[in-house]
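Welcome! Let's explore a protein together through some friendly questions and answers.

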Amino acid sequence: MDSQGLILPLTGNVKRTDLARASFGARLYSTSLPLRFDAPDADRILEAKLMIEMRVAGIAVDTVTRSPIVLLKDVLDRRALPIYIGQDQAKAIISALERQTPPRPLTHDLMVNFLEEWNITLDRVIIHSLQDNTFYASLCVSQGETKKEIDARPSDAISIALRTGSPIWVMEEVIADASIPVDQDKDEEERRAFREFVSNIRPEDFLHRGGYSRGS
């Protein structure tokens with residue numbers, strides 16, 4: 001794949017999209033391999049949070065500012081998460097997507113070499129919050145029984161994850177705040193199906209499903 005194949009047009013108008021809990025489309029997210037990560041430190045914000053696995057779809061370009069954007073998509077190709085990054089970070093991600101091997105290790109390659117030499121495994125990358133238009137991520141690494149979470153920029157975390165084949169997870173609330181729909185027609189179709197489903201629900205349905213009877 002050449003780098004031109006990764007450059008996708010994208011408008012600069014990225015709006016908040018609410019994933020309503022009551023919508024039928026949102027139910028797909030609750031079943032698309034949600035992960036609950038129980039960190040050793042109970043005060044960590046990543047503990048027992050619902051997350052969605054996403055993959056790198058490519059590098060987009062904001063048609064207004066010409067700024068590069070790394071575009072993540074969920075495994076169902078229903079939602080996309082655009083994250084603005086710098087030119088150097090975009091080149092690093094493209095290099096990883098194209099499996100390029102530099103003559104001498106660059107920063108992210110050096111980091112991967114360090115992990116390998118010390119038998120440290122990058123279990124996953126988690127993009128866990130969005131504050132003041134800035135995304136925050138963590139590298140979840142392990143060495144034997146020892147597990148650590150290391151603060152990182154999403155662009156760096158994604159670059160390393162691509163080089164190690166590690167999964168990328170995003171907190172559900174981040175997707176709700178910053179993602180954009182990929183298939184709006186399908187979303188609307190599922191909302192209509194869910195509304196129809198709700199309109200036909202009777203109290204007896206919940207009693208039967210829960211294994212209860214009126215006399216219990």
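Helices are DSSP runs of H or I with at least four residues, strands are runs of E with at least two, and both are numbered from the N terminus. Keep in mind that this is a predicted model.

Q: How many helices and strands are there in the protein?
A: Here we count the runs of each kind along the chain. With helices and strands defined as DSSP runs, the protein has seven helices and ten strands.

Q: What share of the residues of the protein count as buried?
A: A residue is called buried when its relative accessible area is under 20%. The protein has 216 residues, and the share of them that count as buried is 40%.

Q: What share of the accessible surface of the protein belongs to carbon and sulfur atoms?
A: Start with the total: the accessible surface comes to about 13,100 Å². Of that surface, the part belonging to carbon and sulfur atoms is 51%.

Q: Which residues of helix α3 are buried, and what arc do they cover around the axis?
A: Helix α3 spans residues 107-117, and its buried residues are His 108, Asp 109, Val 112 and Leu 115. They sit on the same side of α3, because the arc they cover around the axis is only 120°.

Q: How many of the residues of α4 are buried?
A: The buried residues of α4 include Pro 154, Ile 158 and Ala 161. Helix α4 is mostly covered, and of its eleven residues the number buried is eight.

Q: Which residue forms a salt bridge with Arg 163?
A: Side chains of opposite charge can pair when their charged atoms come close. In this pair, the closest N and O atoms are 3.0 Å apart, and the partner of Arg 163 is Asp 109. Arg 163 lies in helix α4 and its partner in helix α3, so the pair ties together parts that are 54 residues apart in sequence.

Q: How far apart are the closest N and O atoms of Asp 156 and Arg 153?
A: Asp 156 is among the buried residues of α4. Arg 153 counts as partly exposed because its relative accessibility is 45%. The two form a salt bridge, with their closest N and O atoms apart by 2.9 Å.

Q: Which residue meets Arg 55 in a salt bridge?
A: The structure holds three salt bridges. In the one with Arg 55, the N to O distance is 2.3 Å and the partner is Asp 77. The pair links distant parts of the chain, 22 residues apart: Arg 55 is in strand β3, and in the loop between β4 and β5 is Asp 77.

Q: Is Asp 74 buried or exposed, and which side chain of opposite charge is nearest?
A: Asp 74 is found in strand β4, which covers residues 68-74. Its side chain reaches the backbone nitrogen of Arg 79 at 3.1 Å, and one of its polar atoms lies 3.0 Å from the backbone nitrogen of Asp 77. Asp 74 has no salt bridge. It is buried, and the nearest side chain of opposite charge, 6.6 Å away, is that of Arg 78.

Q: What relative accessibility does Asp 132 have?
A: Asp 132 lies in the loop between β6 (121-131) and β7 (134-143). It has a positive phi of about 50° although it is not a glycine. A residue is exposed when its relative accessible area is over 50%. Asp 132 therefore counts as exposed, with a relative accessibility of 76%.

Q: What distance separates the C-alpha atoms of Glu 53 and Met 171?
A: Glu 53 lies in strand β3, residues 50-62. Along the chain, Glu 53 and Met 171 are 118 residues apart, yet the separation of their C-alpha atoms is 8.9 Å.

Conventions
Residues are numbered from 1 along each chain as its sequence is written. This is a predicted model: local features need pLDDT of at least 70, side-chain atom pairs count only at pLDDT 80 or more; totals for chains, interfaces and linings use all residues. Side-chain values use heavy atoms; hydrogens and water are left out. Buried means under 20% relative accessible area, exposed over 50%, partly exposed in between (1.4 Å probe, protein chains only). Lys and Arg count as positive and Asp and Glu as negative; His and the chain ends are not counted. A salt bridge is a side-chain nitrogen of Lys or Arg within 4 Å of a carboxyl oxygen of Asp or Glu. A polar contact is a pair of N or O atoms within 3.5 Å; within protein, one must be able to donate a hydrogen and the other to accept it, and residues adjacent in sequence count only if both atoms are side-chain atoms. Accessible areas come from the Shrake-Rupley method with a 1.4 Å probe; for residues, only the protein chains shown count as cover. The arc is that of the directions from the helix axis to the C-beta atoms.
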